[in-house]
Amino acid sequence: MRVPVDWLREYVAVPQEATGLDIAASLVAVGLEEEGLHGGGVTGPLVVGRVLTLEKEPQKNGKTINWCSVDVGSANGTGEPQGIVCGAHNFEAGDLVVVILPGGVLPTPQGPLEVSARKTYGHVSAGMICSERELGLGEDHDGIIVLTRRYADDPAMLERCVPGADAIALLGLDRETVEVNVTPDRGYCFSVRGVAREYGHATGAAFSDPVADLARRVPPASPSGYPVELADDAPIRGRAGCDRFGARVVRGLDVAAPTPGWMRTRLTEAGMRPISLAVDVTNYVMLGLGQPLHAYDLATLGERIVVRRARPGERLTTLDDVDRALDPEDLLITDGGGTPIGLAGVMGGASTEVSGSTTDVLLEAAHFDPVTIARSARRHRLPSEASRRFERGVDPELAPAALQLAVELLVEYGGGTAGDEVTDAGSVEAPAAIPMSVGFPSRIVGVEYDAATVVGVLEQIGCTVAADGDLLTVLPPTWRPDLTTAEDLVEEVARIHGYDRIPSVLPTPPGGSGLTHAQRVRRTVADLLAAQGLSEVWGAPFVGEDRWVALGLDVAAESARTVRIANPLSDEQPWMRTSLVSTMVDALRRNVSRGAKDVALFELGLVTALTGPRQAAPTEDVGIHPSDATLAAIRDAVPPQPRHLAVLLAGDRDRAGWWGAGRRAEVVDVLELVQALAEALAVEVVVTSDAVMPWHPGRCARVSLADGTVLGHVGELHPKVVAALGLPARTVGGELDLDALTRASDRTVSASTLATYPMAQSDVALVVDASVPAAQVHEALVAGGGDLLEEVRLFDVYEGDQVGEGRRSLAYRLTFRSPERTMTTDEVSALRDAAVAEAARVHGAVQRA
C-alpha cells in the first residue's frame, strides 16, 4: 500500500518536520513493514522549458532524433536557449516540457544518476527532456511529459508553467510516498485511513476519522431507493456471499469533466493511473477509506439488481473484454432480467460500463464474504484492487460513508445532482464479544501489563471493553474482523504497548537432556560416511511409475506400499517414494552430467512403507479447530514413514595417480561401509547372497541382524537399470532400514577385558562347492572353533584346475587366544581341527593339502 504523506496528514497530525523515513519507522513499530520510500529523489535544476525549435535528424542506425532549442528562462544562468537531443516524438515546437539541466540528479534502479552536458548524435546535449518514468511519476516511457496538454483543463496550473519555473514543486516531486507491506490479517490498512490510524497508535498523534464526519451527512435509506435483492442460495461455510449492499444515484453527470489535478496526483502517488472522473473518484474513495466502489451506467441497468451465485453455463464479459465461463461458486451482480453484469467484488461487466454517453450513474458499495471473493479472483486469475481488499476483510459499516464521499466528489467536479434514491439492503452481524482475563496478556507475553494498560490499549484500537472483576468482555470494532480470540487481543496489547518493550530472554535448557539415541545414531552414521569420502545429498520424496519401471520393480506392489499425492508438484511424480535409491539416482546422474566421474553419495531420509490398506484422513473447514477424535484419526491415517540410509558409488573408489592405477568401486566397498557402520553402532550384521531388483542377481547381498531381521540390500545395479536411467556402468550401492538399525543399537554394550596373553594363528584352506557362500563356511568355522576362537578372516579365494570344476578353495586365518594362559601348539591344532570338522560336516568342506 502506497500512502502519500500529504494525504496521510489530512487524517492524522503528522509533524511537518517528519520525513517519509520517520513515518515508515513509526509504522514499523506497530507491525507495518516498510516496502519502500518514493518521491524526493529528483534534485538539482528541474525546470519548465518551452520548445522553440525542433529539427528531426535521421541517423544511420535507422533512428530519428530531435535536435531541440529549449527556452529555460534564467535557470541556466545565461538566459540563452538550451540545445538538447531528445528521442521522443510526442511533442512539437511551442510545447511546454520538463527539462533537467546539467547538475540535476534523477533516481534510477541502479542508483542516483547525475545529468551532465555530453556529446551525442553529433551535438552537445545540455540536459534532458524528461518522461514520467524518468521522474518516478509513473511507468510511461513512450513519450516525454507535455505540460501544455497535461494541464490543458487546469488554467491555474498552466499559468505556473513558465520557462525557468521550478518543476519539482509543480509536479509534486518534493512530496514523499511511504509504501508499506500489509499482512493478510490487517486488511483495514489497505487505505490511507487505516494507515493513519496505525500512525496515531505508534506516535500518539491525533487521528481524525474522515468517516465520522461523512456519516453525519449520510441520508437515510429511502423507499424509492434503487431495488436490490440479496439472493445467495449457496453460501460458503454458511456465510452469505453478500450481507450488505448500498447504492446511490448521481444524475446529470458530465463524464467528460476532467479529474482535478490534486486527485490525479494522489492517485499517481498511490500507484494508480488516472482514467476518467467516475473511475478516478471510486478509486480515490477506495484508497482513502478502504471501501471498493463500482459505478454503473444507470441507463444500461434493468429495474433492479439481484446478487446471487452463478448458474451452470453462464458467462460474463468483464471490463477487460475477456469472456469468462462462470463457476457455481462465483457471486454475481445481475440485472432484473437475470443477466450477469459483474463478478462481485472482483470486476464489473463490460455491458454496464460508464461510457462517453453516460449521464446518470449508479454507485455500488457492498460488503462481500472474503472467502467467496478470494476464490473467484484466483479461479479467474483476476486479482484486482477491490478483490485484494475484500478477501482481507472490509469494514461492513463503511459503505454508506464511502458512497456519500463519492457522491459529493462527483457532484462537485462532474456537475451532477445527487438523486433521492438511497439503498441500504441487508444487514451485517455484529462482531462477537471476546472474553479475556485481564492477566492473560501478561501470562502469554511474559511482560507485566496492569489492567489500565490492557484496557487502554484495547480501547485505543477501537474495542469496547466491559470489566467484571478480572474478566474483560471485549467487543472488537467492525473494521477488525481478524480479532476473534483472546490470543488476538494479546497480540494487539503487545503490538501497541511496544514490541521493543518485550525483553529478550535466552531460555535455559533443562539439565539431563540432549540428543536422543536416534539423533546420535544419525549423527554417527553421517560423520562416518563423510569421513569415508561420501557426500550427503537430499532428494525430493516424489516419484512416478516410470521410475519404478526403470528400476525393474512391480508397479502394483510399489503403489500398494505408498500413497498418491492429491495435489502433486508435478503430475509426472504423484507418488511418495518407497526407497531412497529411487530418487537418489537423480543426484548421481546430475553430478555425472556435470563432469564428476568418481562419485560417492549417501542420503538419510524418510520413505513410505504401508503394510495395510490406506486410510482416508478426515477434514475440517478452515477456521475450525479439529476435535481430539479428528486429530487422532488424522494421525492414524498418516502412513508409516521409516528412515532409511542409502549409498551410491560410481567410478573409481581408489583414485589413479602417480602411485599407480585406480580401482573401480565394487560391491565389497559398500559391504565395507556397512561393516564399518555396524561396528560403530556395536551391532552384529549377517551378510548373505540374494537376488532382488534393482540389483544384479549375481552381485546382490542381503544384510540382516543376528536375529534374522532384514535391514536391506547392497549390490551392483542391474545393467538394465543402469541403461534405463543413464547411470555410469557398474554403479554399486545399497539401502538399509536405519530405524531398525537404531533399535538394534539401543542397548548397553559391556566392555570386554583386554587380553594380555599372546594370540595363536593357524591357516586352513577348505575346498567346497562353488555354490556354497563363503559367509556360511565362516559361520561353520566359528561354531566349531569354540570360545577361544577370537577371529576368522578370509584372505584368499582360488578357483582352477587344482581344485576341480565347480569347486573353489577358501583360505581362512583362525586366531585363538586364552584369557588365562599362553596356548600350546597342540591346543591350537585341536581347536583348528574341530573348526574344520564342523565345516566338513555342514558343507562337505575338504581341507586342501
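Reader: Which residues in α7 do I23, S26 and L27 in α2 meet?
Author: This is a predicted model: local features need pLDDT of at least 70, side-chain atom pairs count only at pLDDT 80 or more, and totals for chains, interfaces and linings use all residues. Residues are numbered from 1 along each chain as its sequence is written; side-chain values use heavy atoms, without hydrogens and water. Helices (H or I, at least four residues) and strands (E, at least two) are DSSP runs numbered from the N terminus, and contact means heavy atoms within 4.5 Å. In α7, the partners of I23, S26 and L27 are V195, E198, Y199, A202 and T203.

Reader: How many charged residues does the contact of α2 with α7 have?
Author: Ala, Val, Leu, Ile, Met, Phe, Trp, Tyr, Cys and Pro count as nonpolar, Asp, Glu, Lys and Arg as charged, and the others, Gly among them, as polar. The contact of α2 with α7 has five nonpolar and two polar residues, and the charged count is one.

Reader: Is α2 roughly parallel or roughly perpendicular to α7?
Author: Axes are lines fitted to C-alpha atoms, for helices over the stretch in contact, and angles run from 0 to 180 degrees between N-to-C directions. Helix α2 (residues 20–28) packs on α7 (residues 192–203) at about 80°, with axes 8 Å apart. Angles under 35 degrees count as roughly parallel, over 145 as roughly antiparallel, 65 to 115 as roughly perpendicular, and the rest as oblique. So α2 is, relative to α7, roughly perpendicular.

Reader: Which residues in helix α24 are buried?
Author: Buried means under 20% relative accessible area, exposed over 50%, partly exposed in between (1.4 Å probe, protein chains only). Cover for the buried residues of α24 includes α17 (517–531) and β30 (599–606). In α24 (residues 738–745), the buried residues are L738, A740, L741, T742 and S745.

Reader: Which residue has a side-chain polar contact with D482?
Author: D482 sits in the loop between β26 (471–475) and α16 (486–497). Its relative accessibility is 19%, so D482 counts as buried. A polar contact is a pair of N or O atoms within 3.5 Å; within protein, one must be able to donate a hydrogen and the other to accept it, and residues adjacent in sequence count only if both atoms are side-chain atoms. At 2.9 Å, the side chain of D482 is joined to that of R480.
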